[in-house]
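Here is a short briefing for a reader new to this structure. Look at the sequence and the model first, then go through the points by topic.

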Amino acid sequence: MRAIYSHSLALLAAVVGTTSLASTAFANPTAGPHAYVGANYGGYKDRGGDFDEDDDFKEALIGAQVNQFLGFEASYIDFGSFGGDVGKADVDGYGLAVVGRLPLTEQLGIYAKAGQLFWDADVRVAGLKQSYDGDEPFVGIGADIKVSEHFVVALEYDCYKIDLDDSSFPAPASNWEGDMDTVKLGARFMF
C-alpha cells in the first residue's frame, strides 16, 4: 500500500511538472525549456579518406533544450551515395548528441555539440557488395538565429568518422576511412 502511494505521488509530480514545463515553453519557447523539430541540408567532403566526391547531406532532427545552455538532440542522417568508378557506398545513420549553447543576444546564439553516430553502410567494390555498421563519436559547432517566436535558422559544421575495415575486399579497398566534414543550413520549429 505504501509503495502504491509513493508511486502515485511520483506520477502526480511528473504530470504537474510536465504541464508547467509545457505551459512555459508555449508562452515563450526561447526563454526556457522547450522541444523542437527540424531539418538540415548541406554538403559534405571526405577529409583524407578514400572517397573523393562531394555530395549532398540530409538530416532530420528532434531535440529538447533543458535550459538556455544545455540541450539534447536525436537525428537521422543520410549521406546518400558516393564513391568512384572502383567503389561506391551508401551511408546513413542515427545520431545522439549533447548540445551546449551560449546565447549572445536574444536572437543570436552559438553552440557546440558532441555525440555518437550509429551508421549503416552498403559498399560495392569491383562487383562485390558488403554491408557494414558501426558507431563513432562526432563533434560540431554552429550558430542559430531566431527569426520569429517559434522559428530558428541555424548554420552548422560537423565532423563525422566512418571506418570500414574488411579483408574480404580486394586491396586497396580493404580499409576505407571516411572522415566527413559537413556544412549544413537548417531550420527548427520550437514548441
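A salt bridge here is a side-chain nitrogen of Lys or Arg within 4 Å of a carboxyl oxygen of Asp or Glu. The model is predicted: local features need pLDDT of at least 70, side-chain atom pairs count only at pLDDT 80 or more, and totals for chains, interfaces and linings use all residues. Residues are numbered from 1 along each chain as its sequence is written, and side-chain values use heavy atoms, with hydrogens and water left out.

**Salt bridges**

- Side chains of opposite charge can pair when their charged atoms come close.
- The rule gives a count of nine salt bridges.
- Glu 59 pairs with Lys 184, with 2.7 Å between the closest N and O atoms. This pair links distant parts of the chain, 125 residues apart: Glu 59 is in strand S2 (residues 55-65) and Lys 184 in strand S8 (residues 175-190). Strands (E, at least two residues) are DSSP runs, numbered from the N terminus.
- Lys 113 and Glu 73 form another salt bridge, at 2.5 Å from N to O. Lys 113 lies in strand S5 and Glu 73 in strand S3, so the pair ties together parts that are 40 residues apart in sequence.
- Lys 184 also forms a salt bridge with Asp 158, the closest N and O atoms being 2.6 Å apart. Here strand S8 holds Lys 184 and strand S7 (residues 151-165) holds Asp 158, 26 residues away.

**Burial and the network**

- Buried means under 20% relative accessible area, exposed over 50%, and partly exposed in between (1.4 Å probe, protein chains only).
- Glu 59 and Lys 184 are both buried. Lys 113 and Glu 73 are buried too.
- Lys 184 counts as buried because its relative accessibility is 1%. Asp 158 is buried because its value is 0%.
- Shared partners join Glu 59, Glu 73, Lys 113, Glu 156, Asp 158, Lys 184 and Arg 188 into one network of salt bridges.

**Nonpolar surface patch**

- Patches are made of residues with over 30% relative accessible area and no salt bridge; like charges are joined within 9 Å, and nonpolar side chains (Val, Leu, Ile, Met, Phe, Trp, Tyr) within 5 Å.
- A nonpolar patch on the surface has about 1000 Å² of accessible area together, and its members include Val 66, Phe 69, Leu 104 and Phe 151. Accessible areas come from the Shrake-Rupley method with a 1.4 Å probe; for residues, only the protein chains shown count as cover.
- Strands S3 (70-83), S4 (87-103) and S5 (108-125) each supply at least two residues of the patch.
- Leu 104 sits in the loop between S4 and S5. Leu 104 counts as partly exposed because its relative accessibility is 48%.

Methods. Helix = DSSP H or I, 4+ residues; strand = E, 2+ residues; numbered from the N terminus.
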